[in-house]
Amino acid sequence: MARRIDVTGADGIRLAAWEFGDPPKTGSDPAERTSVLLLHGLMGRASHWASTARWLSARYRAVALDQRGHGRSDKPAQASFTRDAYVDDTEAALEQLGLGPAVLVGHGMGALTAWQLAAKRPDLVRGAIICDMRASALGAASQREWAQWFKAWPVPFATLADVRKWFVEDDPWVERPNPARGEFYAEVMAESPDGWRPVFDPGQMLRSRETWVYDAHWEELAQVRCPTLVVRGLDSELGRAEAQEMVRVLPRGRYAEVADAGHLVHYDQPDAWRTAIEPFLDTLRDT
């Protein structure tokens with residue numbers, strides 16, 4: 001089951017929020033439960049959180065947001081893709097859905113949005129889980145690599161099987177085959193008359209990314225006052241030394257590591273992901 005709720009984001013952009021869990025039991029008021037808002041990363045979509053949202057829904061009101069330019073949310077050609085726009089959208093979602101103070105769970109870009117909002121609106125954020133997002137600046141070379149990578153995609157893909165094969169085996173960024181990666185990218189494809197294409201505009205993704213890659217984000221991290229868990233995969237993009245420095249900078253930071261996982265931690269190892277974050281969530285239930 002997936003229930004869609006429309007939210008109005010910054011500049012009037014329509015955003016799609018989703019509840020993937022079963023309805024609450026009779027007599028149970030979801031508004032009385034701790035809320036969790038799940039924020040996907042760049043190119044992701046709310047449905048990437050479906051399995052996490054389902055087990056969370058037994059104890060929490062769990063909502064996943066399709067961020068602007070992603071999933072089923074609006075993708076206006078002239079929309080703003082600044083950091084402020086993403087943060088303001090998330091703030092709007094929390095307020096319109098009555099979720100705050102909520103636990104924010106973010107992956108990649110969504111993790112950056114989570115800690116930026118936590119710094120801006122501590123009244124709306126009970127706790128945060130930030131998964132595989134660096135606080136350091138990545139620089140111009142990183143942005144050029146991404147632009148070249150998008151150009152390498154052989155779109156349109158003839159079939160979803162071709163999507164999976166390319167992202168598992170043929171993608172030049174692949175260091176070792178990972179079936180979960182193929183499933184992740186298959187989920188962001190939609191069928192068009194000439195084949196399968198991403199549901200997002202790669203140009204908008206690059207515009208989104210360029211608003212954070214040139215800057216470091218340590219100062220905002222230090223302003224996050226709520227309990228915050230930094231999670232990385234053993235083989236993820238966020239190195240152990242930087243992750244542990246992020247924990248040190250956070251006033252109430254904690255650390256978790258998931259073995260046999262890369263950047264897509266919650267997709268690579270869903271059971272280990274749950275094991276890593278559930279104890280932290282338990283500590284927030286009564287705060």
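Exposed means over 50% relative accessible area, buried means under 20%, and partly exposed lies in between, using a 1.4 Å probe and protein chains only. Keep those cut-offs in mind for this predicted model, where local features need pLDDT of at least 70, side-chain atom pairs count only at pLDDT 80 or more, and totals for chains, interfaces and linings use all residues. Residues are numbered from 1 along each chain as its sequence is written, and side-chain values use heavy atoms, leaving out hydrogens and water.

**Stop 1: Arg144.** Select Arg144 in helix α4. Helices are DSSP runs of H or I with at least four residues, strands are runs of E with at least two, and both are numbered from the N terminus. Arg144 is exposed, at 52% relative accessible area.

**Stop 2: helix α6.** Select residues 179-186. Six of these eight residues are buried, so the rest of the structure largely encloses α6. Among the buried ones are Phe184 and Tyr185. Show α4 (140-152) and α5 (160-170) next; both are among the elements covering the buried residues, through contacts (heavy atoms within 4.5 Å). Then pick Asn178, which caps the N-terminal end of α6 with a side-chain oxygen 3.0 Å from the backbone nitrogen of Ala180.

**Stop 3: Thr90.** Move to helix α2, residues 83-96, and select Thr90. Is Thr90 buried or exposed? Thr90 is buried, with a relative accessible area of 0%. Its neighbours in contact include Leu37, Leu65 and Thr113, not counting residues up to four places away in sequence. Finish at Tyr86, whose backbone oxygen lies 3.0 Å from a polar atom of the Thr90 side chain.

Key:
Polar contact = N/O pair within 3.5 Å; in protein donor to acceptor, adjacent residues only side chain to side chain.
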